[in-house]
Amino acid sequence: MPSRAKLLILSFSAIHADARVLRQVELFAGDYDVTTCGYGPAPEGVVEHVRIPDELVYWHKDRALLLQRRFAAVHRRNAVVDYLWDRLPRGYYDVVLADDIDTVPLALSLRPRGGVHADLHEYAPRQNEESIRWRLAVAPYVRWLVRTYVTRADSVTTVGPGIAEEYRREFGIDAQVVTNAAPYAEQRATPVAAPVRLVHSGNAMRGRGILELARAVEDVDADLTLDLYLVPNEESYLAEVSAFASQSSRVRLHAPVPYAELVTTLNAYDVGVHVLPPVSFNNYWALPNKVFDYVQARLGLLVGPSPEMARMVREHGLGEVTADFSAEAVSAALRRLTPERVAAYKEASERAAHELSAERQVAVWADAVAALAARAR
């Protein structure tokens, strides 16, 4: 019986808590000898896990080298790259799946027999473009990474059509799309009554429009409540949201729940809300995992006119799209959320759940990795 192909999934994230990378592990663990490399404990199903020490911060870059445009040195002297350089064997793996831009140079240096597949989780050259310091110091380095290394990957995927098109337009990279779809969940939509129960889950970050949403729900002349499940990324912003919720009769703040429990928790609500201000290129083109979580929870959706989210909602009749990102447009959309309309939106989510599930998306990864593994034989 032939041995199974050896696949390294390389991610500078806590893989056990990274929904996108976990989908890759779950997809490949049954057919490949999967080694993972990332922060935190080993995910289930892998044959080996190379753990990055928590004290090593992958996004720290030598500012002096950045300003001198010594980009090769910036990469090689990165603390995580330096730690892993001699700990990951070269020429050993059949395929390396490199998650996000920073892992691709290291993946290529490992010389896998079949090749490297790069999965880009956003449009990296404009990741933090709202910061002028990032645009001046870091963006040129990221563009160098894409030009020098991602263009050498054997296959590439990213999270949405708009981002894929930008990689194609600026760098000539032919990236396929694997959205951040959630696994299919066997559950039914719950009945809708008054008040209509809104929910938002995600990171507590300034610029996500969470506090503005809470204020809109508090002030609108409609029978609504809003529950927030927020990960404390920015403690000061979370404190502001918490202070507002503590004085509100309609808004409640909860601790985040483990991802494995999220869709079941969301199922108790009626409408998942994500009105994401387009403060950056990636925000504008966002198609985040939370909107797919809402579908698997059998919720209606309320989103802003972000092109990818709006297209999905309109194509499947899942809910409301605000006219723009203003407080007035959000309030107008909230008033349209009658129990009768919301019940219809929840039924639409139920109909679309299979089509919008991860199981329909991950075939792109499966085909790409299989093609590279075949080259190694």
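The structure is a predicted model, in which local features need pLDDT of at least 70 and side-chain atom pairs count only at pLDDT 80 or more, while totals for chains, interfaces and linings use all residues. Residues are numbered from 1 along each chain as its sequence is written, and side-chain values use heavy atoms, with hydrogens and water left out.

Helix H8 spans residues 210-219 and helix H14 residues 327-335; helices (H or I, at least four residues) and strands (E, at least two) are DSSP runs, numbered from the N terminus. Their axes come within 10 Å and cross at roughly 50 degrees, the axes being lines fitted to C-alpha atoms, for helices over the stretch in contact, with angles from 0 to 180 degrees between N-to-C directions. From H8, Leu213, Ala216 and Val217 meet Val330, Ser331 and Leu334 of H14, where contact means heavy atoms within 4.5 Å. This contact of H8 with H14 comprises 5 nonpolar residues, 1 polar residue and no charged residues (Ala, Val, Leu, Ile, Met, Phe, Trp, Tyr, Cys and Pro count as nonpolar, Asp, Glu, Lys and Arg as charged, and the others, Gly among them, as polar).

The axes of helix H6 (residues 132-148) and helix H7 (residues 161-171) cross at roughly 80 degrees and come within 11 Å. H6 and H7 are therefore roughly perpendicular to each other. On the H6 side Arg143, Val146 and Arg147 take part, and they meet Tyr167, Glu170 and Phe171 in H7. The contact of H6 with H7 divides by class into 3 nonpolar, no polar and 3 charged residues.

For H10 and helix H12 (residues 289-296), the axes come within 8 Å, with a crossing at roughly 55 degrees. H10 is therefore oblique to H12, and the crossing of the two helices is right-handed. Tyr259, Leu262, Val263 and Leu266 in H10 meet Asp293, Tyr294 and Gln296 in H12. In this contact of H10 with H12, 5 residues are nonpolar, 1 is polar and 1 is charged.

Tyr259 and Val263 of this contact also belong to the lining of the second largest pocket, together with Ala19, Leu22, Arg23, Glu26, Pro183, Ala260 and Thr264. On a 1 Å grid over the protein atoms alone, a pocket is an open set of points with protein on both sides within 12 Å along at least five of seven lines, a cavity is a set where a 1.4 Å probe fits but cannot get out, and lining residues have an atom within 4 Å of a point. Helix H1 (19-28) and helix H10 (259-266) each supply at least two residues of the pocket lining. The lining of this pocket has 6 nonpolar, 1 polar and 2 charged residues. About 230 Å³ of space lies in the second largest pocket, a volume being the space filled by probe spheres set on grid points that are joined across faces, edges and corners.

The largest cavity holds about 60 Å³ of space and is lined by Phe12, Tyr58, Lys61, Val74, His75, Asn78, Val81, Asp102 and Tyr141. Its lining has 5 nonpolar, 2 polar and 2 charged residues.

The peptide bond from Ala194 to Pro195 is cis, with omega near -5 degrees, and Pro195 is placed in the loop between strand S7 (176-177) and strand S8 (196-203). Arg69, in the loop between helix H2 (63-67) and helix H3 (71-76), has phi near 60 degrees, a positive value in a residue other than glycine.

Notes. Parallel < 35°, antiparallel > 145°, perpendicular 65-115°, else oblique. Left-handed = near helix turned anticlockwise from the far one by under 90°.
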